[in-house]
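Hi,

Here's the structure I promised to send over. Have a look at it first, then read on for what turned up.

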Amino acid sequence: GADVAHNFALNPSAVVGALAVWQVFTYMFLHTKVWHWVFNAIGLFLFGSMIERSRGTGWFTRFYVACGLGAAVICVAGTHAIGREKEFTLGASGAVFGLIAGAGILLPHQPVVPFLPLRCWLFAILAACLALYKAFDDPAGGFVHLGGASTGLAIALATKLRPWSSE
């Protein structure tokens, strides 16, 4: 338990100080709370399946991993910038927030779920606002969420501006 979290969760101080660079990848596959895993799994299912259907499995896989990595890099930089680099984080939330932002750009008018009128573009804005609010209470988690969303937004915008580079 504790050794796994210590070695594989994202610890910004260890990534820079001890060159524990594997943590920018491994953190997104660990969860300590069931509810955290459940919400990430739901987000991955809802937004991941939408994006995978529209862009293909290969593109989706690269996009998901890039969002998780981008979230980690922004978390490491951000926590160091504000002197909170000792805080660690784990979970797929950064990558999932990237999926949400990506769906907001690539599939803006797609309903989040078929029986609700909530569209991806609006859900993405609401999710970003929630992440920004949460960042004041949990800077490491906030940087991960906002970092994933920013990475997903950037990749989705680049993809939308260059539609011929889909696969």
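Which residues in H5 meet which residues in H8? A quick caveat before the answer: this is a predicted model.

On the H5 side, the residues are Trp59, Phe63, Ala66, Cys67, Gly70, Ala71, Ile74, Cys75, Gly78 and Thr79. Their partners in H8 are Ala140, Phe143, Val144, Gly147, Gly148, Ser150, Thr151, Gly152, Ile155, Ala156 and Thr159. Sorted by class, this contact of H5 with H8 has 12 nonpolar and 9 polar residues, and no charged ones.

To find the two helices, look for residues 57-81 (H5) and residues 139-161 (H8). Their axes lie 7 Å apart, and the helices pack at an angle of about 135 degrees. Because of that angle, H5 counts as oblique to H8. The crossing, as H5 passes H8, is right-handed.

The largest pocket holds about 820 Å³. Its lining is made up of 31 residues, and those nearest the centre are Trp35, His36, Asn40, Ser93 and His145.

Where does that lining come from? Helix H4 (34-55), helix H6 (93-106), helix H7 (120-135) and H8 each give at least two residues to it. H4 has the largest share, with 8 residues.

Enjoy exploring!

Key: Residues numbered from 1 in each chain as written. Predicted model: local features only at pLDDT ≥ 70, side-chain atom pairs only at ≥ 80, totals over all residues. Heavy atoms only, no water. Axes fitted to C-alpha atoms, helices over the stretch in contact; angles between N-to-C directions. Helix = DSSP H or I, 4+ residues; strand = E, 2+ residues; numbered from the N terminus. Parallel < 35°, antiparallel > 145°, perpendicular 65-115°, else oblique. Left-handed = near helix turned anticlockwise from the far one by under 90°. Contact = heavy atoms within 4.5 Å. Nonpolar A, V, L, I, M, F, W, Y, C, P; charged D, E, K, R; others polar. 1 Å grid on protein atoms, 1.4 Å probe; cavity = no way out; pocket = protein on both sides within 12 Å on 5 of 7 lines; lining within 4 Å. Points joined across faces, edges and corners; volume = space filled by probe spheres on them.
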